[in-house]
Amino acid sequence: MQMPVALSAYATDVDKSYYIIYWLSVVLFIGIIGAATYFCLAYKRKAGVRAEPTGHNNILELSWTVAPVFILAYLFWIGWKGYVDMSIVPPNAIEVRGRAFQWGWDFEYPNGAHTPDLKAPVGKPVKLILSSNDVLHAFFIPQLRIKRDTVPGMYVSLWFEADKEGDADIFCAEYCGGKGEGTAAIGHWAMISKVHILSVADYDKFILEGGGAKPGESVPDWGKRLYVEKNCAGCHSLDGAVGAGPSWKGIFGRTGVMTAGPDIVADENYIRESILEPQAHIVKGFGPVMPSFKGILQDKEIDAIISFMKTLK
Ligand code: CUA
């Protein structure tokens, strides 16, 4: 009743543990506060009554010491069991590589395809191997009850097995910076994605068709889709408006004045370098704020983005 829809058996187990602890707390709260209130009223100091020591009651004192030991051991056991279930990945799990960056997610599948949203088959274990390209982020899917910090320079993993088809939100649960002004989607709050739990047939179809342009999509259109999906739009406008980065309108072939060194023409090589190593040559007037897309954008995707840029006269 307090939890979002559960999409896996693991989520149901987490909820069960949560509600056991929740209702135990309610019962203990009412019992303890109720007893304290009763004693306060029943044994209130009265004129003419002298307080006498009550002495010991060994049975009572032993039982309120021993009973909580069993309760705490039980709570430890359900917590430990949940932790072990989450930590031990079934050997037949599908491996998906996830990368967090400012500000988005990238998922890479065994066939080399990349998506900004996570696709997973229903009823099969999926192992996520996560890392971060820049700062600390936290991968969080409330409906699957899984959460893990992603750390630069380190792999972490977690797994899930969804038992229902459907979509669920992916959040970043760690404040990872951002710019405060404007409506551009640049910041922690914009780091929202989805996990799509597909039928096994749909997932297999996705793996077969792989990444790349969708059927019927031209290469520049694919580049335009990447512009949206990879959140380039957060910093680079298409209408000439200057954001955290230069607008892409008319960018291709333009000569740019650099913060250091000679002027550079924005050709294929310069744009590729700016995507992979953004700090190498920065156009004057802009800060060193762009994250690297190394490992996130593949060569053919960079080509598609460049061909999209060429259409922005
Ligand atoms: Cu990434 Cu918050």
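These questions and answers go through the domains, salt bridges, strands and cysteines of a predicted model.

Trainee: Which domains does the domain assignment of the protein chain give?
Mentor: The assignment comes from an automatic or database source. Domain 1 is made of two segments, 11–45 and 54–87. The other two are domain 2 (94–209) and domain 3 (219–310).

Trainee: Which residues of domain 2 lose the most area to domain 3?
Mentor: The centres of domain 2 and domain 3, taken over C-alpha atoms, are 24 Å apart, and 13 residues of domain 2 are in contact with 14 residues of domain 3. Between them the two domains bury about 1,100 Å², with 57% of it on carbon and sulfur atoms. On the domain 2 side, 39% of the buried area comes together from F101, H114 and P116.

Trainee: How many residues apart in sequence are the parts tied together by D106 and K230?
Mentor: The side chains of K230 and D106 form a salt bridge, 3.1 Å from N to O. D106 is buried at 0% relative accessibility, and K230 is buried at 1%. D106 lies in strand β2 and K230 in the loop between α4 and β11, so the pair ties together parts whose separation in sequence is 124 residues.

Trainee: Which helices hold D303 and R272?
Mentor: The side chains of D303 and R272 meet in a salt bridge of 2.9 Å, N to O. D303 is partly exposed at 40% relative accessible area, and R272 is partly exposed at 22%. The pair ties together parts 31 residues apart in sequence, because D303 lies in helix α6 and R272 in helix α5.

Trainee: Which residue of β3 stands opposite E108?
Mentor: An open sheet of 5 strands runs in the order β3-β2-β1-β5-β8, with mixed pairing. Its edge strands are β3 and β8, each pairing on one side only. Strand β2 (residues 104–108) pairs with β3 in the antiparallel sense over 2 bridges. The residue opposite E108 is H114.

Trainee: Which residue in β10 is the bridge partner of L118?
Mentor: Strand β4 has both faces covered, with L118 and A120 buried on one side and K119 and P121 buried on the other. β4 pairs with strand β10 (residues 193–198) in the parallel sense over 4 bridges. In β10, the partner of L118 is V195.

Trainee: What covers the buried residues of α4?
Mentor: Helix α4 spans residues 219–229, and its buried residues include W222, G223 and Y227. Just after α4, N231 takes a positive phi of about 65 degrees. The cover over the buried residues of α4 includes α6 (299–310).

Trainee: How many disulfides does a search of the whole structure find?
Mentor: A disulfide requires two cysteine sulfur atoms within 2.5 Å. C235 is partly exposed at 23% relative accessibility. The closest cysteine sulfur to that of C235 is in C232, 8.9 Å away, which is too far for a bond. Over the whole structure, the number of disulfides found is 0.

Note on methods. Residues numbered from 1 in each chain as written. Predicted model: local features only at pLDDT ≥ 70, side-chain atom pairs only at ≥ 80, totals over all residues. Heavy atoms only, no water. Buried < 20%, exposed > 50% of the residue type's maximum accessible area, 1.4 Å probe, protein only. Pairing = 2+ DSSP bridges. Contact = heavy atoms within 4.5 Å. Buried area = accessible area lost by both parts, 1.4 Å probe. Salt bridge = Lys/Arg side-chain N within 4 Å of Asp/Glu carboxyl O.
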